[in-house]
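Here are some notes for a colleague who is opening this structure for the first time. Please read them with the model on screen.

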Amino acid sequence: MNPRRKKRLLITSSLVVGLSLAIGLVLFALQQNIDLFYTPTEIIEGKNETGVKPEIGQRLRVGGMVVNGTVSRDPESLKVSFDLIDNRGGIVTVFFDGILPDLFREGQGIVAQGELLTATQIDAFEVLAKHDEEYMPPEVAEALEGMDHLKSNKP
Amino acid sequence: MLAEIGQFTLVIACMLALLQTVYPLYGIYAREQRAIESAKVLTILQFFFVSLSLIILSYLFLVNDFTVGYIATNSNSALPWYYRLSAVWGAHEGSLLLWVFLLSLWSTAVAILSKRLPVESIARVLAVLGLLSLGFYLFVLLTSNPFLRTLPYFPVDGRDLNPLLQDIGLILHPPMLYMGYVGFSVAFAFAIAALMEGRLDSAWAKWSRPWTMAAWVFLTVGIALGSWWAYYELGWGGWWFWDPVENASFMPWIAGTALIHSLAVSEKRGVFKSWTVLLAISAFSLSLLGTFLVRSGILVSVHAFASDPARGLFILAFLILVIGGSLLLYAVQASKVKSRGRFQLLSRETMLLTNNILLIAALIVVLLGTLLPLVHKEIGLGSISIGEPFFNSMFTILVVPFALFLGVAPLVRWKRQSINELFKPLLHSLLITVVLTLVFLYSFASHFTWLALMGVFLGFWVLSATCYELYLRATHRFSLFKGLTKLGNSHWAMSIGHAGFAVMIIGITMTQNYDIERDVKLAVGDSIAFEHYDFHFDSIQNMDGQNYTSNAGVFTIKKDGKYVTTMKSEKRIYTVQRMPMTEAAIDAGFTRDLYIAMGEVLPDGAWAVRIYYKPFIRWIWFGPLMMGFAGIIMMMDRRYRVKKLVKEEA
């Protein structure tokens with residue numbers, strides 16, 4: 001092999017190795033960080049599209065409406081729990097330790113991200129609330145369609 | 001009446017944009033000098049009419065004309081006048097008007113400042129810009145008209161501007177960011193014009209370099225402003241969330257960064273030319289993609305405006321036309337572009353190529369992370385979100401080779417470089433880096449982490465290699481001080497820009513590794529202590545404003561028993577929308593920020609309070625400011641004569 005070809009081979013092969021390494025890394029990192037979105041009913045009965053139920057310990061996002069009168073606080077700390085419901089009637093309980101967003105209210109659509117503790121309980125590390133339908137994530141809006149009568153204390 | 005005039009001037013501007021596209025190109029085709037020369041006049045006229053339109057809309061906001069639907073939804077008579085003015089771009093319709101206005105502003109700047117370019121080239125560039133303007137005018141007029149009336153039943157008062165947006169950050173952030181986004185259209189137009197002509201030479205790279213740099217400066221500062229705004233306004237104390245819309249602005253920035261580096265090679269060495277053209281096309285296409293993602297409402301984000309399928313469809317079509325058309329032109333014409341320079345494996349060219357490869361890798365990571373949730377949903381696998389850890393870990397990996405090469409690259413010569421000559425400067429830089437890193441971590445780090453060691457090391461590596469290179473260059477022929485004054489603007493720009501990057505890396509590393517976040521329950525009279533600081537909750541104070549009511553928590557901060565400052569953290573309720581807002585109290589400092597945000601009142605009267613200690617967070621924004629400043633210095637380089645021409649115009 002002449003030196004020029006040898007150099008080219010070196011460059012090409014190092015490119016190929018680098019590229020496959022990079023792709024492998026990206027896919028690995030992706031796999032670890034994809035969180036599926038569920039509605040409360042989907043957590044209980046399995047996803048609409050695939051019918052697969054989430055496993056205990058799995059990280060996921062759940063979106064639904066906070067059921068009136070279910071927000072309960074621990075008097076000593078910032079621990080709080082509340083129930084989420086969707087338009088098909090499934091109810092799950094979310095536990096959270098921290099400061100709830102400004103726009104968190106009973107009867108409001110929210111999204112929580114966290115780990116599934118038991119079949120119907122989620123330990124959330126993040127709770128997001130949006131201030132009205134215009135800013136509500138489409139998934140939540142879908143899950144809440146036709147539930148307006150429940151929003152008794154919406155301003 | 002005024003609103004109708006505003007709409008009318010917009011229609012005129014739209015027609016002028018059409019003329020600006022067609023007539024000069026016809027002139028080039030038919031060799032009619034007057035038609036070619038008309039490009040400039042048409043551009044300036046178009047700018048005049050779109051400015052009129054924007055001024056009218058601003059005026060209508062100022063006088064609270066709630067018969068205009070857009071104003072009724074986004075303003076209120078109780079809003080202070082400066083927020084009424086910034087509300088012009090507070091929502092979808094107005095921000096698009098701002099977009100076309102800025103596009104026209106850039107076009108006009110090109111028309112006026114490019115006197116040294118051949119008339120025909122300028123005509124082509126302006127025609128391409130006209131075509132882009134035309135697309136956006138049609139978008140505004142057909143799908144998002146800000147002048148639509150709500151007659152006959154107009155509201156007595158407006159629904160108010162979203163309280164999050166009532167802030168100095170919003171007055172500045174969108175125009176800056178848009179200047180950057182839109183500015184890449186100039187680089188794009190130069191590239192397309194050059195492709196149409198089939199002539200890509202160093203002159204082309206030289207012309208488009210200052211324009212690209214200007215756009216990049218605006219984008220850099222715009223993104224930094226946005227990050228700063230999010231930090232103090234959202235009340236979470238974060239500075240970057242990998243939110244899809246942040247990513248939408250970050251992608252053109254990465255492409256733009258690759259572009260300014262690749263342009264430097266194209267100008268100085270005449271190589272990588274077709275790659276540079278591709279980057280110019282990508283940078284602007286990514287700006288358009290960003291607009292599409294934000295405006296169509298298909299992405300879930302804090303920035304997402306109310307969605308309307310017609311808008312999404314229009315931008316998607318426009319996007320396909322622009323990207324498809326330019327790539328087609330590229331495919332046909334790029335083979336004509338010949339790169340003449342040769343270079344060896346160890347050379348500045350290879351270093352800049354490495355920079356580009358790493359930047360593109362970063363770009364792909366962001367693109368993947370942003371678009372994958374969309375694809376996942378569309379192919380029926382359900383909604384997903386991609387967590388911050390994905391982006392964070394990918395960028396942590398990518399920054400290592402990036403920063404290592406960044407330190408070396410300026411020391412390497414164009415064309416070829418012997419390894420032996422490189423050995424001494426690198427060894428010296430390495431020694432300085434190790435010492436600085438250890439001293440820095442010993443002084444400021446509360447405990448040891450490998451990531452912090454790596455990040456700080458990389459930051460100081462870039463910093464010391466950059467300074468060492470400056471020193472070598474300055475003392476090459478003269479004494480140090482005389483040598484430093486002899487260095488060209490471009491050289492200073494490179495050094496300052498790279499130093500800015502180093503500062504940012506150190507800031508990010510320290511903030512991410514050593515910040516302390518406490519969510520605590522505090523009643524008046526309680527205190528909490530950490531990191532030598534003692535936070536005492538003194539009282540709750542009423543601080544009502546013009547259009548909100550507010551309760552502020554007053555805190556006294558002591559460090560090791562000595563009084564430092566008093567901080568007032570507000571919880572506001574905006575009266576019109578009944579929307580609560582957190583106004584965090586921040587005590588900013590060179591080496592640390594203290595941050596207090598009020599949560600909610602708990603049933604027993606105590607408050608949920610968020611207290612943060614953020615080391616070196618200011619560096620995260622100071623770095624990009626340095627980069628922006630470096631860009632400005634580079635544009636002032638004698639080679640580009642921008643400064644001189646500006647003077648002539650004045």
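How many bridges join E4(B) to strand E5 of chain B, and in which sense do they run?

1. The model is predicted. In it, E4(B) is joined to strand E5 (residues 548-559) of chain B by nine bridges, and the two run antiparallel. One facing pair is Phe535(B) and Ile557(B). Five residues lie between E4(B) and E5(B), which form a hairpin.

2. Strand E4 (residues 533-542) of chain B also runs antiparallel to strand E3 (residues 527-530) of chain B, with four bridges joining them. Ala529(B) has Asp534(B) as its bridge partner in E4(B). This pair of strands is a hairpin as well, with two residues between E3(B) and E4(B). In its turn, Glu531(B) has a positive phi of about 50 degrees.

3. Turning to the two chains, 34 residues of chain A are in contact with 44 residues of chain B. Together the chains bury about 3,200 Å², with 62% of it on carbon and sulfur atoms.

4. Two salt bridges are found across the interface of chain B and chain A. Lys571(B) forms a salt bridge with Asp102(A), where the closest N and O atoms are 2.4 Å apart. Elements giving two or more residues to the side of chain B that touches chain A include helix H12 (348-378), helix H13 (388-408) and strand E1 (384-386) of chain B. That side has 23 nonpolar, twelve polar and nine charged residues.

5. Strand pairing also links the chains: strand E1 (residues 34-38) of chain A pairs with E1(B) in the antiparallel sense over three bridges. Here Leu36(A) has Ile384(B) as its bridge partner.

Conventions. Residues numbered from 1 in each chain as written. Chains lettered and ligands numbered in written order. Predicted model: local features only at pLDDT ≥ 70, side-chain atom pairs only at ≥ 80, totals over all residues. Heavy atoms only, no water. Contact = heavy atoms within 4.5 Å. Buried area = accessible area lost by both parts, 1.4 Å probe. Salt bridge = Lys/Arg side-chain N within 4 Å of Asp/Glu carboxyl O. Nonpolar A, V, L, I, M, F, W, Y, C, P; charged D, E, K, R; others polar. Pairing = 2+ DSSP bridges.
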